[in-house]
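Here is a friendly walk through one protein model. Keep the sequence and the 3D view beside you as you read.

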Amino acid sequence: MLLAGASLFKPLDCFLYAKVAPHTGVVSPEESLLLLQPGEHAPVPDITLVKQRFECPTVAMINLRPEQVSEFILSDVWSVQVFAPLLKQIADSGVKNLALSAPCIWEGGIQGEAGQMMLAEALSNHKLFEHVVLGVRGRTKAMAEPTPIILSSGAIPTAQVQGDVKQLPFANCKLECDLDDTALAHQVLWAPDWLEDEEFTQSPSALDNRSFPLLMRWNGEILPTLPLRMAMEVRGCSPNDVYVVLGKEIRIGDVTFPIDQHSRLTMEGVSVQPIDLMDVFDKKVKFDEKAEPYSLAVLMEPLSDNEPEERLKCMAATLSQLCAKVHTETMTIPGAPLPSLSYQPLIENMTLRIVVVVLFMFVAVALIPAMPGMLKLVVMFGWFNWIFYKMWSGIQASQWHSIGVMLAVWLVLLLAIPVLKPEKKRRIFSRR
């Protein structure tokens, strides 16, 4: 068996090495292990790589700082009568989708039904824009207020958000605006925008490639922020189409983006285009060709002079990333060789192998049966451990030996020892 039966026990070798190898750390339990014969090489499978490339549209950004607006309007008063016509001029310049980050507070308020009609004409019914989303500004109070209905309608189901939501910006109180008590408030879409006590919503991250937060906690609900709600509208997705794993990814419809634990994107290849108010009034706006087919714009009216202009750029860049087209590229490359062990005989020289086997069989048949019972067990146990040691050390060296036939011989001898009875004459292990 030792000299000629090794090949018969190859299936046993495969079974033993497959069971033991994962415990050595050479292969994982999920991987299969190949036992190679001399001259064989481990197969090298091909790996198919799927790479996603984002083509980001250009998003326009329009800053409504008071000192800039006053240069182009006849009145120094920031009123609905100024704001509504401005929105119409922005729409006439080619903007189809508008994210409006503004406190929605005008001097003198909305001024009755005429003001409401002007705003309704500009913001609802798709008369000027295909999609409009208004930002809600909020803060945190000791006594929480109920989540406004205009926000809760866009809440993402909690079962679709995994991870530590405590890392998200938080608010529980809406700052008042002039649209609160109007019918128009329920005709347009709203999303959280600027939060009083949350730095992430007020200024860009110190990391250049991090976006505006996509999600906020409002009481116990998870809400999409202004850029995400705008992107959902453009992509035709509802809150039920958004799935989030904080610190890993967010899936919006059929596109997936990586995010950090604060729900911020890692932006790449984004495109933003500042739009000068003078060009809007003079109808000289020329959009970057990458703006099609969306023609998106973020319009920001700062709440104070301390609000950084970079916040507008960050929000526009976030929207550019969220509305990106995804191009999938597939390529095939050679992978790593499959896990394998190369055959290594314990004794390579055939003559020496025969001598060792004959000597071994003499010891096994002539001496072991004559040993005392306890010594027999010690010898057989040591032999078994030596076989296991050769298998373990061989795996570490990426080699395999004919362990199966060794175990078979060991088992045959273990069963035969009680039958083998030594001759009744004085031997080395005899008592007398």
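## Strand S3 and its neighbours

Strand S3 (58–63) and strand S15 (residues 271–274) run parallel, joined by 4 bridges. Within this pairing, threonine 58 has serine 271 of S15 as its bridge partner. S3 also runs parallel to S16, with 5 bridges joining them, and here alanine 60 stands opposite alanine 297. Strands are counted as paired if DSSP finds at least two bridges between them. Helices (H or I, at least four residues) and strands (E, at least two) are DSSP runs, numbered from the N terminus.

A word on the model itself: it is predicted, so local features need pLDDT of at least 70 and side-chain atom pairs count only at pLDDT 80 or more, while totals for chains, interfaces and linings use all residues. Residues are numbered from 1 along each chain as its sequence is written, and side-chain values use heavy atoms, leaving out hydrogens and water.

How many residues of S3 are buried? The count is 6 of the 6, so the strand is largely enclosed by the rest of the structure. Buried means under 20% relative accessible area, exposed over 50%, and partly exposed in between (1.4 Å probe, protein chains only). In a regular strand the side chains alternate between the two faces of the sheet. In S3 both faces are covered: Thr58, Ala60 and Ile62 are buried on one side, and Val59, Met61 and Asn63 on the other.

## Helix H3

Helix H3 (residues 80–92) is made of 13 residues and reaches 18 Å from its first C-alpha to its last, close to the 18 Å expected at 1.5 Å a residue. That expected span is 1.5 Å times one less than the number of residues. Just after H3, glycine 94 takes a positive phi of about 120°.

Among the buried residues of H3 are Val80, Phe83, Leu86 and Ile90. The buried residues of this helix pack against several elements, including strand S3 (58–63), strand S4 (97–101) and helix H4 (112–123). Contact here means heavy atoms within 4.5 Å.

## Cysteines

A disulfide is a pair of cysteine sulfur atoms within 2.5 Å, and by this rule the count comes to 0. Cysteine 56 is in no disulfide, and the nearest cysteine sulfur, that of cysteine 323, is 9.3 Å away. Cysteine 56 counts as buried, at 3% relative accessibility.

## Aromatic rings

Rings of Phe, Tyr and Trp (its six-membered ring) pair if their centres lie within 6.5 Å; planes under 30 degrees apart count as stacked, over 60 as edge-to-face and the rest as tilted. The count comes to 7 aromatic pairs. One of them joins phenylalanine 384 and tryptophan 410, with centres 5.2 Å apart and planes at 50°, so the pair is tilted. This pair links distant parts of the chain, 26 residues apart: phenylalanine 384 lies in helix H10 (residues 373–396) and tryptophan 410 in helix H11 (residues 403–416). Is phenylalanine 384 buried or partly exposed? At 35% relative accessibility, phenylalanine 384 counts as partly exposed, whereas tryptophan 410, at 14%, counts as buried.

Elsewhere, Tyr17, Tyr343 and Trp400 form one aromatic cluster. Finally, arginine 264 lies over the face of phenylalanine 200, at 4.5 Å from the ring centre. A charge sits over a ring if NZ of Lys or CZ of Arg is within 6 Å of the ring centre and within 35 degrees of the ring normal.
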